[in-house]
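Hi there,

Here is the structure I promised to pass on to you. Have a look at it first, and my notes on what turned up follow below.

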Amino acid sequence: MSKQMLCLPGDGIGPEIMAEALKVLDAAKLRFGLDIEISHGLVGGAAIDQYGVPLSDETLALARNADAILFGSVGGPKWDDQPMANRPEKGLLQLRAELDLFANLRPAILFPQLAEASSLKPELVAGLDILIVRELTGGIYFGEPRGVRTLENGEREGYNTYVYRESEIRRIAKVAFEAARKRGGRLCSVDKSNVLEVTGLWREVVIAESAGYNDVELSHMYVDNAAMQLVRAPKQFDVMVTGNMFGDILSDCAAMLTGSIGMLPSASLNEKNQGMYEPVHGSAPDIAGENKANPLAQILSLAMLLRYSLADGSSLAEAAAAEAIEKAVSEVLDKGYRTGDIASEGCQLVGTAAMGDAVVDCLLNA
C-alpha cells in the first residue's frame with residue numbers, strides 16, 4: 001500500500017530547497033523501490049497570495065490524510081503588513097495545532113567535515129550530538145488569554161499566557177525519556193522553576209515520570225544556565241527536554257554550534273507518528289531565487305521523515321533509504337562541496353541545485 005506524503009514548499013528559499021529534496025526522494029525511490037505518493041499544497045505567504053489565508057481548508061485536508069508532511073519555510077517581508085492573525089507563520093502554527101504535532105525533535109549534530117565552520121573551538125564541538133525535544137503545541141505560544149488591550153490611562157498593554165497541563169508535560173517527557181533510552185541514557189529537563197509556577201509544575205511532572213525510566217539519568221537546569229552551558233561545554237548534553245518557548249530559543253542556539261543552521265533538520269510528531277518535517281532555518285528571503293541556499297537541512301529532514309513516519313514493521317526499505325541519504329550527505333561533504341553558509345578555504349563552492357545533484361549522485365552510486 002502506498003505511503004502518502006504531502007509537500008509544502010512555502011515561501012522564500014522553500015521552493016528551491018524542496019526541489020532538491022524531491023530529487024533525492026526520486027533517487028531513493030528508484031534505488032530502494034519505495035512506494036510513496038506525493039501531493040502538493042500551499043502554505044504561508046504563498047497560500048495568502050492564492051487563498052487569502054496562510055492555510056486553506058483544502059491544504060489542511062491534505063495534511064490530515066498524509067502519513068507525513070515535508071515542509072519548507074514560511075514568511076517574508078512581502079507579508080509583513082498582514083494582521084497578526086493572518087501572518088504566514090500562522091499557517092505553520094495551525095498545522096501543528098490541528099494535527100496535534102506536540103513533539104518537536106531537533107537534533108544538533110556536527111558533521112566532522114564542518115568542525116572548522118562552528119563559531120566555537122573545534123575541540124569543544126567535535127563529535128557533538130545533541131537531541132532537543134521541544135513541546136510544540138502548548139505553552140505561551142498557544143495560551144489564552146492573549147492580545148493587546150488599552151488600560152484606563154490610555155496606555156496599551158500586551159499580554160500572553162504561559163500555561164501547561166500535567167498531561168501535556170507527561171507526554172512530552174515520555175518522548176524525551178524514550179529518546180534518551182535509545183541514545184546515551186541522559187536527559188536534562190530545562191525550566192525556570194525558581195520564578196515561574198508553570199515550570200515548577202513541569203519539573204514535578206518530569207520527576208514523577210522518571211520513575212518508569214530507571215535506566216535514564218535525569219538532571220534539571222534553569223534555562224538561562226542551559227543557554228550558557230550550550231556555549232561553554234555543549235557535549236555535556238545528550239537529550240534536552242523543555243517547553244515551547246525555551247525550546248525555540250535553545251534549539252536555534254544549538255544549531256549554530258554545528259557550523260550552520262542550514263544543516264539541521266527537525267521532526268514534529270503526534271501520538272500516531274504522523275509527522276511534519278522541516279529544516280530549522282527560516283525562509284531567508286534575502287537569498288531566495290539566487291541558487292545560494294543550502295538544501296542539506298531539507299534533505300536531512302526527508303531522511304527523518306522516512307525513518308520516523310514511513311518506516312514500519314512491514315518494510316525495512318524506508319529506514320534503509322534514510323540511512324543512505326544521510327550517508328550521501330556526509331560523502332558530499334567529504335568531497336569538499338559547500339554552499340556559501342558552510343564554505344571554507346580549499347572547498348568547492350556550489351549552488352543549491354548543484355548540491356542537490358551531488359547528493360543524488362552519491363545516493364545512486366553508492
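A search of the whole structure, which is a predicted model, finds 21 salt bridges. One of these joins Glu98 to Arg64, with 2.7 Å between the closest N and O atoms. This pair links distant parts of the chain, since Glu98 sits in helix H4 and Arg64 in helix H3 (residues 57-65), 34 residues apart. Both partners are partly exposed: Glu98 has a relative accessible area of 35%, and Arg64 comes out at 44%.

Arg181 and Asp215 also meet through their side chains in a salt bridge, at 2.8 Å from N to O. Arg181 belongs to helix H6 and Asp215 to the loop between helix H7 (197-209) and strand S9 (217-222), so this pair ties together parts that are 34 residues apart in sequence. Arg181 is partly exposed at 37% relative accessible area, and Asp215 is partly exposed at 45%.

A further salt bridge connects Asp224 and Lys192 (2.9 Å, N to O). Here Asp224 is in helix H8 (residues 223-232), while Lys192 is in the loop between strand S8 (186-191) and H7, 32 residues apart.

The largest pocket has a volume of about 800 Å³. It is lined by 27 residues, and those closest to its centre are Leu105, Leu131, Ala179, Met304 and Tyr308. At least two lining residues come from each of strand S4 (103-109), strand S5 (129-135), helix H6 (166-182), strand S11 (265-269) and helix H10 (296-310). H6 provides the largest share of this lining, with 6 residues. Sorted by class, the lining of the largest pocket holds 16 nonpolar, 2 polar and 9 charged residues.

The second largest pocket has a volume of about 620 Å³. Among its 24 lining residues, Glu89, Leu92, Leu93, Arg96 and Asp248 are the closest to the centre. Two or more lining residues come from each of strand S3 (68-73), helix H4 (88-98), helix H9 (244-257) and strand S12 (275-279). H4 gives the most to this lining, namely 5 residues. The lining of the second largest pocket divides into 8 nonpolar, 6 polar and 10 charged residues.

How many cavities of 30 Å³ or more does the structure hold? There is 1, and the largest cavity has a volume of about 30 Å³. Its lining consists of Arg106, Pro107, Ala108, Ile132, Ser251, Ala254, Ala255, Leu264 and Val280. S4 and H9 each contribute at least two of the residues around this cavity. By class, the cavity lining has 7 nonpolar, 1 polar and 1 charged residues.

Last, the surface. Leu42, Tyr51 and Val53 form a nonpolar patch there, with about 220 Å² of accessible area together. Leu42 is located in the loop between strand S2 (36-40) and helix H2 (45-51), and Leu42 counts as partly exposed at 30% relative accessibility.

Terms used:
Residues numbered from 1 in each chain as written. Predicted model: local features only at pLDDT ≥ 70, side-chain atom pairs only at ≥ 80, totals over all residues. Heavy atoms only, no water. 1 Å grid on protein atoms, 1.4 Å probe; cavity = no way out; pocket = protein on both sides within 12 Å on 5 of 7 lines; lining within 4 Å. Points joined across faces, edges and corners; volume = space filled by probe spheres on them. Helix = DSSP H or I, 4+ residues; strand = E, 2+ residues; numbered from the N terminus. Nonpolar A, V, L, I, M, F, W, Y, C, P; charged D, E, K, R; others polar. Patch = residues over 30% accessible without salt bridge, like charges linked within 9 Å, V, L, I, M, F, W, Y side chains within 5 Å. Areas by Shrake-Rupley, 256 points an atom, 1.4 Å probe, with all protein chains shown as cover. Salt bridge = Lys/Arg side-chain N within 4 Å of Asp/Glu carboxyl O. Buried < 20%, exposed > 50% of the residue type's maximum accessible area, 1.4 Å probe, protein only.
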